[in-house]
Amino acid sequence: MQTHIDALTELLGADQLLTGSDISERYQVDWSKEAPHMPEFVVRPRNTADVSTFLRYCSEHKLPVVPQGGLTGLAGGATPRDGEIALSLERLNGITELDKQSMTMTVKAGTPLQVIQQAAEAEGLRLPVDLGARGSCQIGGNVSTNAGGNQVLSFGMTRALVLGLEAVQADGTIVPAYNKMLKNNAGYDLKQLFIGSEGTLGIVTEVVLRLFPLARNKHTAVVALDSFESVVKLLNTTQSKFARLSAFEAMWNSFFQCSVGANPNLSDPFDEQYPFYVLLESENDALDQFQQVLFDELEAGNVLDAVIAQSGKDSDQFWAIRDSIPEVMSTIPQPYANFDVGLPVSQMEDFLDKVQSSLSERFENVESLTFGHLGDGNIHILAWTTHEDNSQAIYKHVYQLLNEFGGTVTAEHGIGYMKADYLKLCRSPEEIALMRVLKQAMDPNNILNPGRVLS
Ligand SMILES: Cc1cc2nc3c(=O)[nH]c(=O)nc-3n(C[C@H](O)[C@H](O)[C@H](O)COP(=O)(O)OP(=O)(O)OC[C@H]3O[C@@H](n4cnc5c(N)ncnc54)[C@H](O)[C@@H]3O)c2cc1C
């Protein structure tokens with residue numbers, strides 16, 4: 001490896017490489033916390049040309065590379081494996097252009113999501129991608145995982161907000177696929193190859209994002225309900241009655257109480273506990289209309305109680321209950337199985353009932369917390385047993401059940417390394433074969449994130 005370090009130091013300059021004890025823990029594991037591993041060394045290019053030079057060298061010498069953004073991924077995709085060199089995009093940071101008339105923003109891949117959100121808002125615009133990791137994740141990571149988050153219901157996943165991008169292929173070829181237009185049907189839409197492919201087909205170095213006007217107003221409420229059926233009814237009602245239902249986040253009581261308990265800055269907005277809670281947000285409705293819809297639901301008995309945010313501070317508090325995932329995770333025993341499953345809303349209740357009953361039958365002392373972006377058909381389950389590590393057996397068990405329901409093992413976090421063996425449960429053999437054809441064509445030496453997505 002020393003020969004490669006010397007050669008790359010010569011090609012890129014010493015300030016772009018981190019070696020030995022200069023490699024902090026940050027570069028050794030992503031948020032999945034699965035199997036931390038020291039990379040051979042870390043390369044931190046300052047521009048696209050340097051990314052290209054680095055990849056050309058790695059291709060020629062068949063050196064495996066793990067791309068790293070903000071390392072908030074939950075599928076082990078950015079965690080180094082044996083013999084891999086980490087390619088950190090953190091220095092490709094900054095806004096290249098904000099075009100107010102076209103409502104687009106061009107940003108470098110290493111720019112944190114929150115910086116982009118704030119820059120758009122300062123111009124009266126918004127990027128409707130939002131997730132709990134907003135302060136640490138980078139737009140390149142969001143694009144590479146096709147991140148979901150809290151506003152998918154109205155604006156779609158990250159893919160829907162990417163108009164164009166620049167990527168670097170495994171052999172160092174730079175692909176400028178910049179596009180600022182909403183409509184461009186000229187040939188294949190090549191940017192899609194790099195969106196959601198988790199760094200296995202190329203490195204995203206710059207992104208053209210679609211912006212929207214800021215909402216005229218926003219109303220937030222936390223609602224308490226007694227059954228999953230009522231939760232789904234509320235989803236359908238609010239989708240049809242609100243001008244724009246921008247978030248519909250479901251929390252089971254055990255998650256809600258754990259989140260409130262784990263975070264000393266939070267308090268339960270209700271005086272008693274309920275089986276289910278929904279955090280919902282509407283945009284562009286008059287307050288009267290928002291209140292009336294919730295009042296009608298209360299009158300009809302579908303909703304048991306509701307608290308409407310009276311200020312931005314209240315709304316932040318409500319969101320903090322949903323977003324306190326790091327605090328929740330710190331209170332449960334490690335390791336736990338962390339699910340990000342997707343399935344049609346109409347099948348969710350049966351699936352979740354089956355998960356609960358069969359986990360209890362199969363494992364002793366099993367516990368779980370459930371929450372998620374229910375409006376998107378996306379549920380997160382954290383499950384563990386208290387006396388020993390059964391996380392791998394729990395994954396296998398639940399994924400097999402999911403397969404019977406035709407669901408997906410990942411609605412938003414991606415396959416990464418951790419779910420590569422389960423890809424076949426939710427993609428057909430023909431789809432996987434075509435994925436392999438693309439991988440072979442674009443990365444014949446298999447240097448880009450080997451073992452992720454395709455095992
Ligand atoms: C508290 C918390 C809340 C979260 N909430 C959500 C949520 O609501 N929705 C959701 O979808 N995710 C969520 N996540 C997961 C995570 O934040 C997203 O997957 C995010 O998009 C990852 O971005 P990142 O920059 O941290 O990428 P990383 O973790 O660094 O990398 C993710 C993957 O992309 C690859 N990669 C990174 N950058 C590039 C690049 N420039 N070019 C090519 N490949 C690259 C990596 O190799 C890896 O495979 C959450 C995570 C946390 C910790």
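Start at Pro67: one of its backbone N or O atoms lies 2.6 Å from an oxygen atom of the ligand. This is a predicted model, in which local features need pLDDT of at least 70, side-chain atom pairs count only at pLDDT 80 or more, and totals for chains, interfaces and linings use all residues. Residues are numbered from 1 along each chain as its sequence is written, and side-chain values use heavy atoms, with hydrogens and water left out.

**Stop 1: the ligand**

Select Leu71 next. A backbone N or O atom of Leu71 lies 2.8 Å from an oxygen atom of the ligand. Then pick Glu198, where a backbone N or O atom is 3.5 Å from a ligand oxygen atom. Taken alone, the ligand exposes 970 Å², and the protein buries 96% of that (accessible areas by the Shrake-Rupley method with a 1.4 Å probe).

**Stop 2: the shell**

Now show the 35 residues around the ligand (near means that a heavy atom of the residue lies within 4 Å). Pro67, Gly69, Gly70, Thr72 and Gly73 come nearest. Colour the shell by class: 14 residues are nonpolar, 19 polar and two charged. Here Asp, Glu, Lys and Arg count as charged, Ala, Val, Leu, Ile, Met, Phe, Trp, Tyr, Cys and Pro as nonpolar, and the others, Gly among them, as polar.

Which elements supply at least two residues each? Strand S3 (65–68), helix H4 (139–145) and strand S10 (203–210) do. H4 gives the most, with five residues. Helices (H or I, at least four residues) and strands (E, at least two) are DSSP runs, numbered from the N terminus.

Colour by domain, with bounds from an automatic or database assignment. Domain 1 (2–88) and domain 2 (95–213) both give residues to the shell around the ligand, so the ligand lies between them.

**Stop 3: the sheet**

Select the five strands of the open sheet, in the order S5-S6-S10-S8-S9, with antiparallel pairing (a pair needs at least two DSSP bridges). Strand S5 (95–99) and strand S9 (174–177) stand at the edges with a single partner strand each, so one side of each has no neighbour in the sheet. Neighbouring strands are turned by 10 degrees against each other on average, direction ignored (axes are lines fitted to C-alpha atoms).

Zoom in on S8 (residues 162–168): four bridges join S8 to S9. Val168 stands opposite Ile174 in S9.

**Stop 4: Arg134**

Finish in the loop between strand S7 (125–126) and H4, where Arg134 is found. Its side chain makes a polar contact of 2.6 Å with the side chain of Asp130. Another polar contact, of 3.1 Å, joins the side chains of Arg134 and Asp323. Such a contact is a pair of N or O atoms within 3.5 Å, and within protein one must be able to donate a hydrogen and the other to accept it.

Methods: Axes are lines fitted to C-alpha atoms, for helices over the stretch in contact, and angles run from 0 to 180 degrees between N-to-C directions.
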